[in-house]
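Visitor: Hi, I'm new to this one and would like a slow walk through it. Could you put it up on the screen before we start?

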Amino acid sequence: MEGKKNLLSYDGYKKLEDELHYLKVKGRKEAAQKIKEAREQGDLSENAEYTAAREAQAEMESRIVEIENILKDAVIADENTENSEVIRFGCTVTFEDMDTKKTYQYRLVGSSEADLINGKLSYESPLGQRLNGAKVGQIITLDTPKGTKNYKITDLSYKTSDSANS
């Protein structure tokens with residue numbers, strides 16, 4: 001059975017590759033050194049530094065496996081859609097809450113890249129799905145736990161930089 005494909009931007013793919021390389025090359029050496037130093041302190045059964053170093057190493061190895069799995073099933077999205085009038089993966093979209101008049105700006109990215117604080121919204125999220133395929137000037141409706149929200153799309157761009165922030 002084929003696994004779920006991870007749609008990533010080129011920037012997102014490259015960041016994961018860089019993180020994986022760092023963890024495998026430097027991270028593992030640093031973790032081994034911390035364990036070695038903690039071992040030298042004596043009795044391992046009562047050595048909190050040794051326990052913490054082993055736990056940190058386990059977390060790092062878990063992250064390595066996670067990144068390898070993401071990259072193994074990764075598909076780099078084609079973001080070459082400049083001058084497109086339709087919102088889709090890779091674009092930066094600006095929209096306004098029709099009730100509060102608050103403006104939001106997000107870049108639509110893959111779920112493993114999503115980071116709302118840094119302006120990256122998963123295209124698979126409920127909001128991302130509603131935005132996908134819409135056009136500037138269009139009003140989209142989203143059902144939320146606090147009721148129905150209406151958003152008016154005010155702008156979109158297909159900049160390839162990784163700097164969409166709200």
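Visitor: Okay, where is aspartate 97 found?

Guide: Aspartate 97 is found in strand 3, which covers residues 92–97; strands here are DSSP runs of E with at least two residues, helices are runs of H or I with at least four, and both are numbered from the N terminus. Please keep in mind that this is a predicted model, in which local features need pLDDT of at least 70 and side-chain atom pairs count only at pLDDT 80 or more, while totals for chains, interfaces and linings use all residues. Residues are numbered from 1 along each chain as its sequence is written, and side-chain values use heavy atoms, with hydrogens and water left out.

Visitor: Is aspartate 97 buried or exposed?

Guide: Aspartate 97 counts as buried because its relative accessibility is 2%, where buried means under 20% relative accessible area, exposed means over 50%, and partly exposed lies in between, with a 1.4 Å probe and protein chains only. Strand 3 as a whole is mostly covered, with 5 of its 6 residues buried.

Visitor: What is aspartate 97 in contact with?

Guide: If neighbours within four places in sequence are left aside, aspartate 97 is in contact (heavy atoms within 4.5 Å) with Lys102, Tyr104, Lys149, Asn150 and Tyr151. Asparagine 150 lies 53 residues away from aspartate 97 in sequence, yet their C-alpha atoms are 6.1 Å apart in space. The side chain of aspartate 97 also reaches the backbone nitrogen of aspartate 99, at 2.8 Å.

Visitor: Which strands does strand 3 pair with?

Guide: Strand 3 pairs with strand 4 (residues 103–109) in the antiparallel sense over 5 bridges, and it is also joined by 6 bridges to strand 7 (residues 147–157), again antiparallel; pairing requires that DSSP finds at least two bridges between two strands. On the strand 4 side, threonine 92 has arginine 107 as its bridge partner, whereas in strand 7 tyrosine 151 stands opposite aspartate 97.

Visitor: New topic: which residues have the most contacts inside the largest nonpolar core?

Guide: That core has 16 residues, and those with the most contacts inside it are Ile87, Val93, Phe95, Leu127, Leu131, Ile140 and Ile153. A nonpolar core is a set of buried Ala, Val, Leu, Ile, Met, Phe, Trp, Tyr and Cys residues joined through side-chain atoms within 4.5 Å.

Visitor: And which element gives the most to this core?

Guide: Strand 7 gives the most, with 3 residues.

Technical notes:
A polar contact is a pair of N or O atoms within 3.5 Å; within protein, one must be able to donate a hydrogen and the other to accept it, and residues adjacent in sequence count only if both atoms are side-chain atoms.
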